[in-house]
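User: I would like to learn how to read local features from a model. Can we go through some of them together?

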Amino acid sequence: MEIKIGKVEKKLNKIIEEEGAIYLVLIDPDEKNIEEIAEKVKDYADAIMIGGSIGVINLDEVTKKIKEITKLPTILFPGNVDGLTQYADAVFFMSLMNSTNPYWIVNAPTLGSLTIKKFGLEPIPMAYLCVEPAKRTAVGFVGEINEIPQRKPEIAAMYCLSAKYFGMRWAYLEAGSGAEYPVSNEMIAISKKLSGINIIVGGGIRKPEIAYEKVLSGADAVVTGNLLEKDPNAVEEMYDAIKKAGREKLKNQKK
Ligand code: 1GP
């Protein structure tokens, strides 16, 4: 039987093809100013990710509220099996491949799989890879990671290739929410080149010029979380930088 790609993933792929990159805004359901963020980002983000590493409360209500404000696709980014709601459109079906605990690699997604089916959520298969300095952030602690060192970009690239061979269509290079520095351009470039799958980059991206560099290096998607929690207006400049870099990347590819 042929594996079908769902509506949300198709839409994201189309934007990547036409605009060179997508901008994903991560909303932590525990944040206080969710309505303000959703209102502000609705004209800029390509999709909204909903999730957090340290437990979730009111996920149903938060997701419903976001959907009332914006028509953007909502993609769950579950920190554990409790990060699922029937009110979202899709879910990153992810394996934290470089965890030291099999729970995060395969058990959590397996325990969540029946709920995903029952809720009718579109699963988007993704390798979740935690890169230095993620160990010093919540995801590194909770996910018990074997951190990929920044000076060994080929290790991240190898994981992305492995993800592709496992049939995953996306890999997320994660430096951790609030990271002091993001994933390096070199790591992004080599990961994209070796695997060819969609590369998402996030963690510690706070400036438009940094997002711009990440896209030009080969990122297909940039995620910001903290930035907009502090200043929802920052979405505009971030969006402009990502789309500008996307256009340049497409031009370079044609040369
Ligand atoms: C976390 O990569 C995301 O999973 C976002 O990180 O909060 O640092 O933008 P920031």
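Analyst: We will take cysteines, backbone geometry and an annotated site in turn. Keep in mind that this is a predicted model.

User: Next, the backbone. What should I expect of phi and of peptide bonds?

Analyst: Most residues other than glycine have a negative phi, and most peptide bonds are trans. Look for departures from that.

User: Where is there a cis peptide bond?

Analyst: It joins E132 and P133, with omega about 10 degrees. P133 sits in the loop between β5 (122-130) and α5 (138-142).

User: And which residue has a positive phi of about 55 degrees?

Analyst: N58, which is not a glycine. Its loop runs between β2 (47-50) and α3 (59-69). N58 is partly exposed, with a relative accessible area of 49%. E144 also has a positive phi, near 45 degrees, and is likewise not a glycine. E144 belongs to the loop between α5 and α6 (153-165). It is partly exposed, at 35% relative accessible area.

User: Now the annotation. Which residues does the UniProt "binding site" cover?

Analyst: Treat such a record with care, as annotations may be inferred rather than shown by experiment. The unreviewed UniProt entry lists Y172, L173, E174, A175, G176, S177, G178, G203, G204, G225 and N226. Of these, Y172, E174, G176, S177, G178, G203, G204, G225 and N226 are included in the lining of the largest pocket.

User: Where is L173 found, and is it buried or exposed?

Analyst: L173 is in strand β6 (residues 170-174). It is buried, with a relative accessible area of 0%. Beyond neighbours within four places in sequence, its contacts include L129, A156, C160, V183 and M187. So C160 comes up again, as a buried residue.

User: And what does S177 contact, leaving aside its neighbours within four places in sequence?

Analyst: T137 and N226. S177 itself is in the loop between β6 and α7 (185-195). N226 is another residue under the "binding site" annotation in the UniProt entry.

Definitions and conventions:
Residues numbered from 1 in each chain as written. Predicted model: local features only at pLDDT ≥ 70, side-chain atom pairs only at ≥ 80, totals over all residues. Heavy atoms only, no water. Buried < 20%, exposed > 50% of the residue type's maximum accessible area, 1.4 Å probe, protein only. Helix = DSSP H or I, 4+ residues; strand = E, 2+ residues; numbered from the N terminus. 1 Å grid on protein atoms, 1.4 Å probe; cavity = no way out; pocket = protein on both sides within 12 Å on 5 of 7 lines; lining within 4 Å. Contact = heavy atoms within 4.5 Å.
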